[in-house]
Amino acid sequence: MSYQVIARKYRPQTFADLTGQEHISRTLGHALDNQRLHHAYLFSGVRGTGKTTSARILAKGLNCHQGVTSRPCLHCPSCLEIATGNSLDVLEIDAASNTGVDNVRDVIINNIALAPARDRYKVFVIDEVHMLSNSAFNALLKTLEEPPAHVVFIMATTELHKVPDTILSRCQQFEFRQIPAEKIFQRLRSIANNEQVSINDAALREIARAGAGSLRDAQSAFDQVIAFSGAQITEEDVTTSLGLVSVRTLGKFAEAIAAQDVASLLNLIEEITARGYDLRNFARELMAYWRHLLVIQAGITDSQVLGVADVEVARLRELAGQFSEEDLVRGFHFLAETEKQIKDSPHPRFQLEIGLVKLAQSARLHSLTELLQRLETLETNLLNTGSGKATPARPASRAETPARNNKEFTPPATTAPRSLSITPAPLAPASKPVSAASAPAFSGEPPDFPDFNSFDDLPPDDLSELDFASAKTSRSRKPAPAAKPVVAAAPAGQMVAGNEVSALLAELNRISRSPLLPLAFEEAQVSYANGKLVFVFANEDFNAKKIRESAAVFRELGEKLFGQPLSIEVRISGEITQIVDEAAQARAEQFAQAKQNPAVRLLLDKFKGEILSVRPAPAAATGGNQT
């Protein structure tokens, strides 16, 4: 007798022999025993999970000479003929080869009215039914819905989504699941004992893993390994003959990635390349292993969910503890991208090396949650610095520029001994009073450029002797902005007259958690008299609304600073716009006057600079002269 492959030799003959499909065995067995039979069944699922085998077992149960039973005798002519595929009443049709409507009409429709030749039922087994054409499906619809009492249809498909809904609605549907690796291992162990093949559990588990949920694929792989090694099989024989990367090797890769050991990673890639492994398949296997680590990290240790053997769970748990969930999710995306790049690259090894090195280095990245926590901690520390609290940062208003360092600038050693000062003459004050909160930005502001003494006593020829390189260096090193001075709150009843508005603004900056209220305060012209604050805004805008909504805040501030609650009044006037326009005009005039200074022009031309701010010269320092 010729050799029979393991997948056919050990094909299940009864529902009890069916591996990994207990839910289907139980349902069909009860239907046969209780005579609750349907006229059409549809089996779907991945390859090698027992669809066609279950169809034959069901046909045996229907036509066994012992009667309709879930446990056919396997010895009567019907059982034997169905097992070998020679039964006249059980017709197996390959839909991939008979896709047209004519095939369906000739094989099924024209013969359906004929009674069975010998058996109880005429059974039509249509394999890969999704391959039928639309016309063939339409021709089959009426027959499938109301067949003769002696006809049973059993259809099988690996692509259920391609079967029309009109066919699905006429069938009982059974979904065949992928078979767990542990059950495949147990089945292979039974086969190995029967075949008297010596193989250790680790090697047999590698074969079960190669089946990827398909018992038939695993049996075919076992046949291949036996042909390679004979009756004595080692784990090395399995990985070599099947081109697999062992679980131990995948674990080494995970260890190297966790340790960010780039040298070990490159050596491992050299090893699998030397063994001739397909690098794209390796990337896929590493992705599957990474998925196992993520499932373990999520707290799931069921070997059936993981798709691995029970003995591997402990090792996976140990490795998963070296990563966070964010690391594993990020790593999976790296591997998926690497697999795509390997597919399209003329140098797949280079892509794999770079991809795994990036994956190892990605462990240094911090998650967004961790960064947010650090920012919150930093903010808390800043708020708790000093006297219990710190002044919250707030953006500068349009009428205010950030405070600058008031220390005098000291030129570096390389600066020329004679330093210079640019001090334009003060302008006449604005015709209308401007409060401290709404004062122009140039008021009292030190210069951004170095504070030179004077150009007046130098002849024009001596200007070339200046060390412009040092001046440029000093110009580029702007002093860091200093914190805005906070006016300490005076005890109730001791507030100095005229300082009420400044004190209120300082206290408001200190206690406010949001910059919106201080900003609205600064946008108005504010006056204080007899326990009443008057805010004058140019327009009815958000700032005016914010002040109105904060009446309770100002009432409490008045009790704290002045010993009496404050009332507020908000007015809308065009005066503010006029004052701001006049301030802007005065600022422009100061800039224009500064540009008339020959030293300023020389600096601007030499360094391609621009004037950022202008400070009026004190009258005492210049003796009334303007420079």
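Student: Which side chains meet Arg118 in a salt bridge, and what is the N to O distance?

Tutor: A salt bridge is a side-chain nitrogen of Lys or Arg within 4 Å of a carboxyl oxygen of Asp or Glu. Here the side chain of Arg118 meets that of Asp119, at 3.2 Å from N to O. This is a predicted model, in which local features need pLDDT of at least 70 and side-chain atom pairs count only at pLDDT 80 or more, while totals for chains, interfaces and linings use all residues. Residues are numbered from 1 along each chain as its sequence is written, and side-chain values use heavy atoms, with hydrogens and water left out.

Student: Are Arg118 and Asp119 buried or partly exposed?

Tutor: Buried means under 20% relative accessible area, exposed over 50%, and partly exposed in between (1.4 Å probe, protein chains only). Asp119 has 8% relative accessibility and counts as buried, whereas Arg118, with 42%, is partly exposed.

Student: How many salt bridges does the whole structure have?

Tutor: A search of the whole structure finds 26. One of them pairs Glu22 with Lys183, the closest N and O atoms being 3.2 Å apart. That pair links distant parts of the chain, 161 residues apart: Glu22 is in helix H2 (residues 22-33) and Lys183 in helix H8 (residues 181-195). Helices (H or I, at least four residues) and strands (E, at least two) are DSSP runs, numbered from the N terminus. Glu22 is partly exposed at 42% relative accessible area, and Lys183 is partly exposed at 25%.

Student: What is the nearest side chain of opposite charge to Lys122, and how far away is it?

Tutor: For charge, Lys and Arg count as positive and Asp and Glu as negative; His and the chain ends are not counted. The nearest such side chain to Lys122 is Asp89, 4.1 Å away; Lys122 is buried yet has no salt bridge. Lys122 lies in strand E3 (residues 122-127).

Student: Which residues is Lys122 in contact with?

Tutor: Contact means heavy atoms within 4.5 Å. Leaving aside neighbours within four places in sequence, the contacts of Lys122 include Leu88, Asp89, Asn111, Pro116 and His150.

Student: Which residues form a nonpolar patch on the surface?

Tutor: Patches are made of residues with over 30% relative accessible area and no salt bridge; like charges are joined within 9 Å, nonpolar side chains (Val, Leu, Ile, Met, Phe, Trp, Tyr) within 5 Å. Accessible areas come from the Shrake-Rupley method with a 1.4 Å probe, and for residues only the protein chains shown count as cover. Leu372, Leu375, Leu378 and Leu382 form the patch, with about 390 Å² of accessible area together. Leu382 lies in helix H19 (residues 368-383).
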